[in-house]
Amino acid sequence: MGQAYSAGLTVTDNIILRKERILPLKGTVLVEKGQKVAADDVVAETLLPGKVVPFNLANKLGVTPAQLEKFIQIKAGDQITKQTVLAESAGLFGTGLFKTVVHSPVDGEVESVSAVTGQVLLREPRVPIQVKAFVDGIITDIIPEEGVVIENKSAYIQGIFGIGDETTGEIMMLASTPGDEIDAGKINESCRGKIIVAGSFVPFHVIEIAKNHGVAAIITGGIDDQDIKKLLGYDIGVAITGHEEVGLTIVCTEGFGKIDMARKTFELLKRFNGKKASIHGHTQIRAGVIRPEIIIPLEFQEDELGAAKAGLSYLRIGTSVRVIRQPHFGSILKVTALPEELTKVESETLVRTLEAEFEDGTRVILPRANVEVIES
Amino acid sequence: MQYDEKRLTRIVATDCGSTTTKAILIEFVDGEYRQTIRGEAPTTVEAPLNDVTKGVINATQELEELARLKYNNPNIKFMEDGKFIIPRDGDTGVDAYVSTSSAGGGLQMMVTGVVASMTGESAERAALGAGAIVMDLISSNDKRLNHEKIERIRHLRPDMILMAGGEDGGTVKHVVEMAELVSGADPKPRLGAEYKLPVIFAGNKEAVGAINETLSEKVNLIVTDNIRPKLEMENLGPARDKIHDIFMEHVMQQAPGYDKLMVWTQGPDHKAVPIMPTPAAVGNIMQTIAKDEKIEVLGVDIGGATTDVFSVFTEDYIFNRTVSANLGMSYSISNVLASSGLENIMRWVPFDINENELRNMIKNKMIRPTTIPSLLEELVLEQAIAKEALRLAFEQHKEFASGLKGMQRQRDISEAFSQSTSGDTIVNLKTLDLLVGSGGVLSHAPRRNQTMMMLIDAFLPEGITRLAVDSIFMMPHLGVLSEISTKAATEVFRKDCMLYLGSCVAPIGRGKYGKPALSAKLELPDGSVFEEDIPFGEIRLIPCGVGEVAKATLKTSGGLILDENKAKELTVDLHGGMVGIALDTRGRQPFALPTEKEMRIKYLKKWMRELKAYPEEILV
């Protein structure tokens, strides 16, 4: 077999990127097709239903739920303010003396009234939700009432795992080699709002310092499992992340533990030192996998757009691969042979293998399942 | 619809797992059906592909290539332009394509009840039994304020909600109050914004009207029998079945490309053959074994994301299935660590390893789920994790395998108040005849001896039990194949799928290491005799091949027993297999490993050496 399908992460200095930006509920699209947008521009917005406030009106009034009907002055759908009287009792012997008047605790709308529980649900005013462009680019498509498609030309890196939401900032290289462990002393006020790049590892205390200096995001080769636990306050059981509110975004390019950042990734980030980038830590390792992204917009002409259809990545002789499991975890190798027959590896497992070489020409045999193609 | 061997001569069957898509070729050759070739490829649910059929194409391409090599015929072709050619015409095409699927990830649920420790707990049990991850249990008495509960429901975005509460004729108010909170939260499903969130109501039947009024406009309300019709009666079956139905209908269908795959699966006359969920297909097979052989069977299928346990117990062949949606060897591997704790994994590892290294290794497997252990040390670690995943899945199964499936289970009033146990399990290891393992880590272990070791250590069979493994993981395929040809499925199952590993003899009871435990005399078919007084805390492996039987005389010492009838002496036939007969005197109920680390490692190495589980270099 001359080639074989293999999953891989994209690391490239030049890609036509297509991003869908969709509202969580239907709403209004604020931009037009062909319009240029910047990452911070709002492209669509909607109103999320407001917070619901349960309020036991029958209790407040001192009547049973069944009796509430006689005294209630509102119905589902009514607009209310804090001055609105929700219900009023008839008072002593129906004379109006010592009557109880219950005002709404919130501004908003009446959601429902229950004769079973005596409870009313009041909904606070709707909350505006905005979707930003997230990347600089051109609107190439409008999805009515839902969102937009933005395209641009970018340098683009997919991470393997991340935490934290979307943010933007300037790339700031703090590591000088892919194997550097970031030095806490290098983080100061000049890092505020920046996306700082570490080499192989970023320990917990450094993440804390970065947070204190308002760093927007950290890109690192590896991170320790226990540091993530300390940061989040819980252990990650299934990798569905990206919405943590930990004060910054972290994108890991290689995995857990101390692992040199792939040279190609490191060099790419170095080349764009000082440039603005968009980054997020969204990871979902399940059906419909999502990986973290680092997007560095480039200058482009409109006629360059029209994203090429993504294809399969194949292992071929000469393909660069990243080893993703021991032994040689993290090494970047070049494929030199793809033997057809099954081969027994140290664990005695019979697997399809490949032969690959290090930069110095040393060759190794590895299971094909334990490498990923570095796409470019 | 069944087809005969004239219409079915070549069939492709796939199982689209959450990690790997496994394809097998079944052919009618020399008057019988055989499984001839096997291929696999990563399941393609990752961007940019996001289409499960791409993995099917890749796995089938591997089948084609291997078939061309096997038959030295370059013209063999199963697909054209990315579609199956049906029916077969000479070298081209296949007569049928069938598939099972478990891609789509786990099932995430939220449950509600009135009293957390009563109806709440019942709802939780039903959800867990149906294979869900219970994200939260919300009840009237859980101390959170109502607006906090609403925020929580809204924030969670579960796949579905199960609402319980109130015995029949009991409180309506509290049940409706809970429904009002759900309604106020207006929850949306995690996947697929186009459908309404399914909410199952399994509470007080007198509240159904009010619940309908409160919820029916906002959610997809499904009403089923009360989970707790009386305080001392629990009735989980109907709710559990509803959860399974909805899981199949909604959640699994979110796997990208599933709609396309549904069109592809068809018989020789182009009639559709429905895709079967993997656990349902394996369940079919387990029930067939039990009924055909008239035995009690316990089976397990351990995958990347989930572990399914199946059992058929009692003379009524009561079938139970549980899906542990958060226990698996890749996507869910980190959850195994979180659920079992590091110490429980380390207790199976015969060497020292840095704790941080192990944690990071597990997390790396989670984020790169398709990798395989290349180093021996990593294989040992993965198999240690597998033992814990299997043990936990089995514990969940025992808890949920209730006697009268779909019927009401009686608990007396004192039990109902204490809530300490979940009622009587019908899983009885002392009467179990056959334990069957399936799934990557068991079917593809480099040595079958490792499979036997994992099954024994995880399930701790008691008395005399036969052990078997799905040879190359094809039970799901055969489960769905039986829908179009029982003959093909049965023939392949007997000849190529079910591989007997041997038997395990494990006396029940406690003892002291080194003290007498079992006197065993085994007359083997080759005329040789194994005879030994085996002390407590040992394992012996006696070779006895597939289809062979050893005449055994077994006698225990020190209070140990051999079966349900507390026999201390037995003369029985022990069935051999690929591995042989294991005599395990490590004790049961309790089974306890030495607590002191050095001692534990010493014994682990001894047992592993005796079972020939690993190469000597890792055991020195």
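Tutor: B:P590 sits in the loop between strand 26 (580-584) and helix 18 (597-610) of chain B. Helices (H or I, at least four residues) and strands (E, at least two) are DSSP runs, numbered from the N terminus. The peptide bond that leads from B:Q589 into B:P590 is cis, and its omega is near 10°.

Some ground rules come next. Residues are numbered from 1 along each chain as its sequence is written, while chains are lettered from A and ligands numbered from 1 in the order in which they are written. The model is predicted: local features need pLDDT of at least 70, side-chain atom pairs count only at pLDDT 80 or more, and totals for chains, interfaces and linings use all residues.

Another cis bond joins B:I86 to B:P87, with omega at about 0°. B:P87 is again a loop residue, placed between strand 5 (83-84) and strand 6 (96-101) of chain B.

Next, phi. B:K294 is not a glycine, yet its phi is positive, at about 55°. Its loop runs between helix 8 (278-293) and strand 14 (297-302) of chain B. B:K294 is exposed, because 9 other C-beta atoms lie within 10 Å. The cut-offs: buried means 20 or more other C-beta atoms within 10 Å of the residue's own, exposed means 12 or fewer, and partly exposed lies in between, with C-beta atoms placed from the backbone.

B:K566 is also not a glycine, and it has a positive phi of about 60°. The loop here lies between strand 24 (549-556) and strand 25 (569-575) of chain B. B:K566 has 12 C-beta neighbours inside 10 Å, so it counts as exposed.

Helix 4 of chain B has 13 residues. From first C-alpha to last it reaches 18 Å, close to the 18 Å expected at 1.5 Å a residue. The expected span is 1.5 Å times one less than the number of residues. Of those 13 residues, 12 are buried, and helix 4 of chain B is mostly covered. Among the buried ones are B:H174, B:E177, B:E180, B:L181 and B:A185.

Now the helix packing. Two packed helices are described by the angle between their axes and the distance between the axes. The axes are lines fitted to C-alpha atoms, for helices over the stretch in contact, and the angles run from 0 to 180 degrees between N-to-C directions.

Helix 3 and helix 4 of chain B pack at about 55°, with axes 8 Å apart. They are therefore oblique to each other. By the cut-offs, under 35 degrees is roughly parallel, over 145 roughly antiparallel, 65 to 115 roughly perpendicular, and the rest oblique. Helix 3 of chain B passes helix 4 of chain B in a right-handed crossing. Helix 3 of chain B brings B:N146, B:K149, B:I150, B:I153 and B:R154 to this contact, and helix 4 of chain B brings B:L181, B:V182, B:G184 and B:A185. By class, this contact of helix 3 with helix 4 of chain B has 5 nonpolar, 2 polar and 2 charged residues.

Handedness has its own rule: a crossing is left-handed if the near helix is turned anticlockwise from the far one by less than a right angle, right-handed if clockwise. Contact means C-beta atoms, placed from the backbone, within 7 Å. Nonpolar covers Ala, Val, Leu, Ile, Met, Phe, Trp, Tyr, Cys and Pro; charged covers Asp, Glu, Lys and Arg; the others, Gly among them, are polar.

Helix 9 and helix 12 of chain B pack at about 70°, with axes 10 Å apart. They are therefore roughly perpendicular. Helix 9 of chain B passes helix 12 of chain B in a left-handed crossing. B:I333, B:V336, B:S339 and B:S340 of helix 9 of chain B meet B:I385, B:E388, B:A389 and B:L392 of helix 12 of chain B. The contact of helix 9 with helix 12 of chain B divides into 5 nonpolar, 2 polar and 1 charged.

Finally, the chain contact. It takes 56 residues from chain B and 48 from chain A. Several elements of chain B each supply at least two residues to the side that touches chain A, including helix 3 (146-156), helix 4 (173-185), helix 9 (333-340) and helix 12 (376-400). Helix 4 of chain B gives the most to that side, with 8 residues. The side of chain B that touches chain A divides into 26 nonpolar, 19 polar and 11 charged residues.

How values were computed:
Two residues are in contact if their C-beta atoms, placed from the backbone, lie within 7 Å.
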